[in-house]
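Here are my notes for you, as numbered points to read beside the coordinates.

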Number of protein chains: 2
Amino acid sequence: MRLLLVEDTVALADQLLPLLRDHGYAVDWLADGRDALVRAHDDDFDLVILDLGLPGLDGLEVLRRWREQGLGMPVLILTARDSWAERVDGLRAGADDYLTKPFHPEELLLRVQAVLRRSHGSANHRRLQACGVALDEERQSAWLDQTEIELTGAEFRMLRYFMLNPRQLLSKSALNEHLYDGESERDSNVVEVHINRLRRKLGGEVIQTRRGQGYLFTGRD
Amino acid sequence: MRLLLVEDTVALADQLLPLLRDHGYAVDWLADGRDALVRAHDDDFDLVILDLGLPGLDGLEVLRRWREQGLGMPVLILTARDSWAERVDGLRAGADDYLTKPFHPEELLLRVQAVLRRSHGSANHRRLQACGVALDEERQSAWLDQTEIELTGAEFRMLRYFMLNPRQLLSKSALNEHLYDGESERDSNVVEVHINRLRRKLGGEVIQTRRGQGYLFTGRD
DNA sequence: TGTGGTGTTTAAGGTTGCGTTAAGGCCGGC
DNA sequence: GCCGGCCTTAACGCAACCTTAAACACCACA
């Protein structure tokens, strides 16, 4: 399992590197944003741990460019600031998780494991594939067999989140959280409506419901 | 699983309560530190989520007194301030983990699950294992050998509590206590019905009966 | 500023299935 | 044998979910 740590604070890197390595990860370390931007093309990392406050090139910009260039590996961002907006920006730019400094080193391990598990078999391509369904992120459309199915924005966002977490139980509140940033209504059935739309387009069996618990994407298995 | 949320910000509590309950936790809610101090003696909570900035009595003081009085349940503290010193104080006072506001609600869930797993001595793996049975907390389903067994909410809650206390005698009233919050009836056979359902799904031998005493989870040993 | 088209959200009513209750049978202990 | 605790089953109510349509927001373009 190959990781890239992008962190300019030497003391922190010195702390994290042995910990990660002790737990069986092969870790490369860079301290500069510009280096990281290039390096991610040379090696196929399973996960990147990215500090947002970097010399050379800001972490958020690095991440944004990676995604523009079609690099889809999971990214865990570290932020020194405790700003809600920045985290949301990070998530929008394509990060998979975030951690606010300071943190317990063990906590980083937990997140790394969680993100890796989540991204298992999925997040590595521009065209996201899971359970017999493909998602074209540029055209915002899904593919079943050889036929393209056009999606609206909301449908696409929901399907993407499902496909990034295939076969996993996603509660309605989790879907709400991830599809609408923060200030969303509580007593609304938007999620149900869009799930209904996806089922119409892709077939009723692609999303299963677990009453009282949530939904899970199982595609056409 | 019985949780106590001590949080005076109503908006936050309104957000967290349904989330936690959606994920199968029975949650009691208090807004005052003095109430919390007393309440933790009356009920046997599996975990307490404790805001440090409280009216009545400061959260840190509450925690300190609990520990003095011999109460050892896991405590997850919430702090609005981004102060490192305060967190250290919290950990010193006997907290098991902390979370800085604002946070993603999902993050709280991750921590709650992690703390509960840690406090019951098992490793921090998303999949809880005991006596030849595995429990997938994300999918809320059990695994026997390689086959997945889907569980309803009530079944999942009960099985999780059994698996966190394997090979231990759990009285019917204790199960009632931990699976339902304060305002629930006591003279019913809900527990028996759900034990029956679990036995049907997992096999009759996984839960043994000690007549007049309670039940114990022995899995497939 | 209007107008139409597209996409999203709200609202209302119908449907489903989980959780609970209740009733009857069973079994173990005294 | 009898009683009390436990098991099993079926049925019911209600919350959760689905479905549909209409209201609404947004944008392009006149």
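**Notes on the model**

1. Helices (H or I, at least four residues) and strands (E, at least two) are DSSP runs, numbered from the N terminus. A word on conventions: this is a predicted model, in which local features need pLDDT of at least 70 and side-chain atom pairs count only at pLDDT 80 or more, while totals for chains, interfaces and linings use all residues. Residues are numbered from 1 along each chain as its sequence is written, and chains are lettered from A and ligands numbered from 1 in the order in which they are written.

2. Around DNA strand D there are 20 residues, the closest being Glu192(A), Asn196(A), Thr209(A), Asn196(B) and Thr209(B). "Near" requires a C-beta atom, placed from the backbone, within 6 Å of the molecule or strand. By class, this surface holds four nonpolar, eight polar and eight charged residues. Here Ala, Val, Leu, Ile, Met, Phe, Trp, Tyr, Cys and Pro count as nonpolar, Asp, Glu, Lys and Arg as charged, and the others, Gly among them, as polar.

3. DNA strand C has 21 residues around it, and Thr152(A), Gly153(A), Thr152(B), Gly153(B) and Ser188(B) come nearest. Two or more residues each come from helix H6 (153–164) and H8 of chain A, and from helix H6 (153–164) and H8 of chain B.

4. Thr209(A), one of the closest residues to DNA strand D, stands opposite Tyr215(A) in E11(A). Strands E10 (residues 207–210) and E11 (residues 214–217) of chain A pair in the antiparallel sense over four bridges; pairing takes at least two DSSP bridges. E10(A) and E11(A) make a hairpin with three residues between them, and Gly212(A) in the turn has a positive phi of about 80 degrees.

5. Chain B has an open antiparallel sheet of four strands in the order E6-E7-E8-E9. Strand E6 (127–130) and strand E9 (147–150) of chain B are at the edges with a single partner strand each, so one side of each is left without a neighbour in the sheet. The twist averages 25 degrees from one strand to the next. H6(B) packs on the sheet, touching E6, E7 and strand E8 (141–144) of chain B, with its direction at about 125 degrees to that of E7(B). Axes are lines fitted to C-alpha atoms, for helices over the stretch in contact, and angles run from 0 to 180 degrees between N-to-C directions; contact means C-beta atoms, placed from the backbone, within 7 Å.

6. Please look at two loop residues of chain B. Gln140(B), between E7 and E8, has a positive phi of about 55 degrees although it is not a glycine. Asp145(B), between E8 and E9, also has a positive phi of about 55 degrees without being a glycine. Most residues other than glycine have a negative phi. Gln140(B) counts as buried because it has 25 C-beta neighbours inside 10 Å, whereas Asp145(B), with 8, counts as exposed. The cut-offs are 20 or more other C-beta atoms within 10 Å for buried, 12 or fewer for exposed, and partly exposed in between, with C-beta atoms placed from the backbone.

Technical notes: Contact = placed C-beta atoms within 7 Å.
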